[in-house]
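The tour goes from one selection to the next, with a short account of what is found at each stop.

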Amino acid sequence: NKANGKKEIIVTGMHRSGTSAFTNLLMHNNIDMGPAKDANLESRLYSYDLSFFLNFLGATWDMPFQIRRKSNSIYKHAADLFIKKIESRMRFHQKITFKPFIGFKNPISTLLIPELSCIKNSVIINIDRDVDEIVSSLMRRKPRARLSLFPGHYGFGMEVDDESRMFELAEFYKKVIDENRQHISLSITYD
């Protein structure tokens, strides 16, 4: 059991994959999934650092294709700082909640699995869902709701009704997940 003795849970998976439903299940079982959660159950405590490091890698949530990990000292130093920052936030999170198990959920985490897997005492749980189902679910949502999936990025490459663009994005996330299976402690398939 890869999760044995681990106290921090990181939930990964693309939007509409079932991460919110799973996070809700964890919260109903007395696991605190981060303070200051938004409507998607994403803790603002962690969201800023995840976005900042992803931007450092040259990518954003809706434009991840340019992500660059270099095997140089600058990347290694930045990755170490990022890991220490998340670990520090988790210690703070644990202290303010007094709960033995804590965690967070954010789809951006999916793109950062290699770095997040270095966090001590953590377990990564990925929610898998068929790409066709994800895109279908996204397309069924009202245009305003689809926009809210990508806050702050409207006009930066994501056309609201661009189904082929959503397929491309979903396929990229699936590829990232498949390439990082060795770092994922538990994978749950949503049907």
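Begin by selecting Ile102, Gly103, Phe104 and Lys105 in this predicted model: Ile102 and Phe104 point one way from β2, Gly103 and Lys105 point the other way, and all of them are buried. In a regular strand, side chains alternate between the two faces of the sheet.

Now widen the selection to the whole sheet, which is open and has 4 strands in the order β2-β1-β3-β4, with parallel pairing. Which strands stand at the edges? They are β2 and β4 (186–189), and because each has a single partner strand, one side of each is left without a neighbour in the sheet. From one strand to the next, the twist averages 20 degrees.

At the β4 end, select β3, residues 122–128, which pairs with β4 in the parallel sense over 4 bridges; here Ile125 stands opposite Leu186 of β4.

Return to β1 and β2 and display α3, which lies across both strands and runs at about 125 degrees to β2.

In soluble globular proteins, nonpolar side chains tend to be buried together.

Centre the view on Leu112 and ask which residues it touches, not counting those up to four places away in sequence. They are Leu50, Phe53, Leu54, Leu57, Arg69 and Phe82.

Finally, select α6 and α8, whose axes come within 9 Å and cross at roughly 140 degrees. The two helices are therefore oblique to each other, and their crossing is right-handed. To see the contact itself, show the side chains of Val131, Asp132, Ile134, Val135, Leu138 and Met139 in α6, which meet Glu163, Met166, Phe167, Ala170, Glu171 and Lys174 in α8.

How values were computed
Residues numbered from 1 in each chain as written. Predicted model: local features only at pLDDT ≥ 70, side-chain atom pairs only at ≥ 80, totals over all residues. Heavy atoms only, no water. Contact = heavy atoms within 4.5 Å. Buried < 20%, exposed > 50% of the residue type's maximum accessible area, 1.4 Å probe, protein only. Pairing = 2+ DSSP bridges. Axes fitted to C-alpha atoms, helices over the stretch in contact; angles between N-to-C directions. Parallel < 35°, antiparallel > 145°, perpendicular 65-115°, else oblique. Left-handed = near helix turned anticlockwise from the far one by under 90°.
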